[in-house]
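User: I've got a model open and would like to go through how some of its packing gets described. Can you take a few questions?

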Amino acid sequence: MPKRLSLKIGIKSWLLIGYAIISFLITIIWFNSADLLVYTDTHFPFMNLEKYLERIFTIIDTGYFPSFNDIRHLFLYPYYFLFTPLVDFWSVQIASLIQRLILFSALFFSFSSISYLLLCISDLTKQRISYLAVLLSASLYCFNTYATIIIWRPFMPYILHYALFPLFIAFALRYFSTNQHKYLLALMILSFFIFPSYTILPSLAFDVIVVIVLLLSVKSMLKKTMTQVILTSLKIFSGILILSIPLILVALLQPSVISNTYEGIVKITSLPENLLRVVEYNSPSMIQALIYSGYPPLYTPDFSWYAKFTAWFEPLQLICISVTLVIGIISWTKRIRRNTRDYLLFGLLFIYLASLFMITGSNEPLSQLKIRIFQLKPFDMLRSVYARFGEYVVLSSLPFISLGLSKIMFLPKSRIYKLCTAFFLVLLLMTPMTPVLEGDFLKEGPKTPSNQIHFPNSYIVLRQLDAKEDDKNYLYLTIPSSAEVKLRSWNNGTYGYIGPDIFPFILSGRSIKDKKIYNNVLYFILNGKLKELQRILPIQYIILTFDQKIQSNADRRSLYNYLSIFQKEFETTFIDENLAIFKLPTTAQGASRDWRVHVLNQNTSSTVSDIFLNSYLQVISHGLPLETTYKKQNYITRVLDFAELGHMKIKSTVVLKRTAEKYYIFPIFLVLPKVTERLYIAAEYKPAENSWNIYSGTWSKEKLQWNYTLLTKLYSGNMAFTVDFERNSITVEDRDDKQEYQYPIPEEWNRLLISRLEISNKTVESPNGEIGIYATKNLTEIATLDELLVEMYKNNSMVLSSHTAATELHSTRIGPALSKISINTTKPFMLSFTESYDPLWEARIYNDGKLVEKVKPVTLYSVINGFWINETGNLTIEIRYTPQDWFEIGLAISAITFIGCIGYIAYDWKKNDERIIIMKGKICNILKKKK
């Protein structure tokens with residue numbers, strides 16, 4: 001029989017009380033009266049808890065329209081069970097309280113779990129360590145600069161892993177040595193809280209490797225076999241495996257859900273030069289990475305607190321840590337000579353050195369070696385788990401450091417020596433952490449916004465408006481698109497940061513993320529087609545945001561131009577320095593009606609086509625520049641993608657003024673990619689003739705001159721110009737006389753366009769150019785700019801009946817992944833479902849309660865789903881996203897298995913304890929009889 005170690009370990013009560021007090025004080029200091037500490041929008045619900053839970057529980061992302069898959073959200077599903085009881089009374093105040101409790105708990109468990117692990121290793125290896133060494137080591141674990149930036153600043157869910165993984169390892173070692181089921185039960189419970197931190201799959205694989213390495217290193221000491229190591233490892237991670245069942249099921253039945261996410265992660269670093277930048281940014285030099293020292297962002301001006309204070313004391317801290325590390329390793333090595341079976345030293349050293357290699361590499365030759373490794377499959381996924389390697393470096397070095405600290409303090413027996421030594425060790429190790437303890441890393445820096453958030457009143461008002469809505473199934477539009485905004489600064493005593501998009505966690509509706517659909521919806525709204533739009537998409541709010549980082553004056557002017565237009569057209573619900581909220585007039589459709597479902601016919605097809613197939617870009621509207629990227633007094637322009645030039649139509653409407661001097665204005669001014677050629681329509685005003693000559697023209701790098709070809713002469717300044725590349729025509733319109741003049745696009749235009757686009761294709765360059773209006777004088781002096789619109793039409797080959805097949809249609813949104821439709825139809829029809837096309841959507845058709853057909857979607861307008869329904873009569877149709885079925889089936893299996901395992905382990909543990917008590921009673925009786 002292998003020897004069992006008792007491992008009767010306990011943390012002193014005074015130490016736990018001290019940890020609780022420190023955690024409580026740090027929580028107060030770090031929050032500094034803020035509402036929330038926020039770094040990311042994914043892992044903590046701000047205001048709308050119900051929307052948050054819906055998003056993490058559904059495979060499709062319910063924050064945006066059209067939706068897209070992201071299986072990483074599903075890893076957070078344990079939060080669903082933790083937060084669900086709070087849905088009915090959730091508010092910013094409750095969120096603030098819960099986040100404080102989470103931070104306090106994470107800090108307390110970080111202290112306690114690393115202390116427990118150190119004491120467990122001490123007892124296992126019979127190495128004596130002092131409680132002061134444990135306290136200092138725990139402080140290093142919690143407040144080192146690495147943990148500051150990578151763990152505490154991002155907040156959830158990584159703080160749960162950082163806080164609980166040492167405890168997980170300690171219980172794994174205790175279960176391996178004693179085989180007592182109470183430790184397995186504890187491991188199962190810990191698994192539930194650690195599971196959300198595995199949103200990046202390789203991090204789970206490395207946790208498994210770390211635990212197995214440690215079990216192997218104590219195998220000989222505990223006289224265990226390799227089979228026992230493998231079986232114990234499976235039991236230790238059984239909780240994680242059971243919780244993974246829903247995700248495994250989804251991944252096995254539809255691997256593309258995983259592969260698409262994987263491809264997205266590695267795409268940006270597919271080239272060696274890009275990967276080199278990733279390695280350099282994520283990898284400190286060897287000396288700086290030895291232990292807790294900074295992480296590369298710290299060595300930039302972004303974190304001024306580090307440069308001003310911590311960096312000065314860092315060398316002393318590194319020396320102290322290095323000395324204690326070496327002393328601890330040497331002391332452990334001496335003990336191994338006496339006990340050849342104690343190989344835990346080598347297990348910890350292996351984890352330390354391997355992790356140290358992975359987290360370092362900015363100095364040669366490590367960076368080139370790492371790049372070669374990262375280019376090998378499947379090792380390229382290692383680049384996504386830098387944070388976890390740093391955690392392993394910290395975790396694996398602390399047993400040596402705590403032992404080294406203990407050896408220094410245990411040298412002589414003099415009380416004065418111990419006090420002086422303890423004082424200097426605390427001073428050397430803790431002084432560099434002062435800015436961390438004060439929460440400086442959460443405050444504003446030269447380039448880093450504060451994490452201490454005070455929600456402006458405007459966002460509270462926005463949440464209150466949403467709470468009053470009976471129909472939560474709506475769309476809203478943020479200008480600029482909130483999905484593209486990374487920084488928001490709220491000047492309320494501290495600069496708050498929300499990133500990247502807060503709105504899906506405030507509003508129950510969905511935002512439009514797809515840029516083309518976003519622009520098309522704006523076109524409908526700006527051109528008085530709101531009712532037509534709302535028949536397909538229930539846009540309910542327009543939200544102008546002024547609190548984001550403004551890139552240019554043109555962006556700022558565009559925002560206020562939008563504000564001017566919308567204030568004239570719609571009711572202003574709320575406005576302040578952060579937000580302007582406009583509630584659009586809508587037709588009540590019922591709280592549960594699913595607007596995603598439509599019977600497609602000629603009456604609806606053109607609108608759906610304009611929203612999803614065609615493309616509109618409104619550069620100038622209502623006489624105001626909107627989507628402009630550059631603006632001067634004589635030039636307004638924006639970036640334009642020339643890739644689909646063959647389908648493009650450009651319309652410019654201006655009212656030109658009569659002046660005393662001659663001038664040129666270019667109502668359509670195209671700058672081709674690489675700014676080498678210009679194509680334009682020009683109007684030359686001649687005061688003597690009181691008329692305008694209209695030209696087409698080019699400028700190229702070959703001739704370096706402006707070329708003009710006369711098209712016509714107009715006597716009215718109210719004119720419109722249209723260039724239609726698909727029809728190869730230029731139209732000049734005199735709007736007062738209602739006369740139109742048509743001309744073919746010049747051959748020189750076609751030649752320059754073809755040659756430039758061919759060069760872009762061959763060199764893999766961006767086909768982006770510019771479109772705008774240019775003049776030789778100040779534009780406001782010579783013209784009133786009415787409109788500049790770019791349209792791109794694509795052929796729609798679908799043939800639809802002009803008659804509606806359905807006489808009655810009722811749709812109900814059961815959830816993001818399920819919709820039910822009741823319809824009475826006399827002939828087959830096309831049912832459109834306005835979510836991103838995915839072959840995993842399925843329409844299940846019931847007639848008289850019997851399933852008669854399952855229909856897979858076809859692609860409509862290259863974007864959305866269409867279901868061709870052949871059945872007629874009174875039908876019930878269910879549209880379901882099938883991976884959600886697999887996830888929910890797996891969740892049921894996982895929940896039953898997880899609860900069953902916990903129940904069985906608890907029962908078996910209690911039963912064994914009862915047997916032990918009975919056995920002890922029998923032994924006592926026998927001993928009494930003998931006496």
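User: Which residue in β30 is the bridge partner of phenylalanine 833?

Analyst: Asparagine 865 is the partner of phenylalanine 833. Keep in mind that this is a predicted model.

User: What makes β26 and β30 count as a pair?

Analyst: Pairing takes at least two bridges between the strands. β26 (residues 829-836) and β30 (residues 864-869) are joined by 6 bridges, so they count as paired, and they run antiparallel.

User: Why are β9 and β29 called edge strands?

Analyst: The open sheet has 4 strands in the order β9-β26-β30-β29. β9 (597-600) and β29 (858-860) each pair on one side only. On average, neighbouring strands here are turned by 40 degrees against each other, ignoring direction. Helix α26 (residues 602-612) packs on this sheet, touching β9, β26 and β30.

User: Now the helices. Why are α1 and α5 described as roughly parallel?

Analyst: Their axes cross at roughly 25 degrees, and angles under 35 degrees count as roughly parallel. α1 (residues 13-31) and α5 (residues 131-143) therefore get that label. The axes come within 12 Å, and the crossing is right-handed.

User: What kinds of residues, by class, make up the contact of α1 with α5?

Analyst: On the α1 side you'll find Trp14, Leu15, Tyr19, Ile22, Ile26 and Trp30, meeting Tyr131, Val134, Leu135, Ala138 and Phe143 in α5. By class that's 11 nonpolar residues, with no polar and no charged ones. Tyr and Trp count as nonpolar here.

Key. Residues numbered from 1 in each chain as written. Predicted model: local features only at pLDDT ≥ 70, side-chain atom pairs only at ≥ 80, totals over all residues. Heavy atoms only, no water. Axes fitted to C-alpha atoms, helices over the stretch in contact; angles between N-to-C directions. Helix = DSSP H or I, 4+ residues; strand = E, 2+ residues; numbered from the N terminus. Parallel < 35°, antiparallel > 145°, perpendicular 65-115°, else oblique. Left-handed = near helix turned anticlockwise from the far one by under 90°. Contact = heavy atoms within 4.5 Å.
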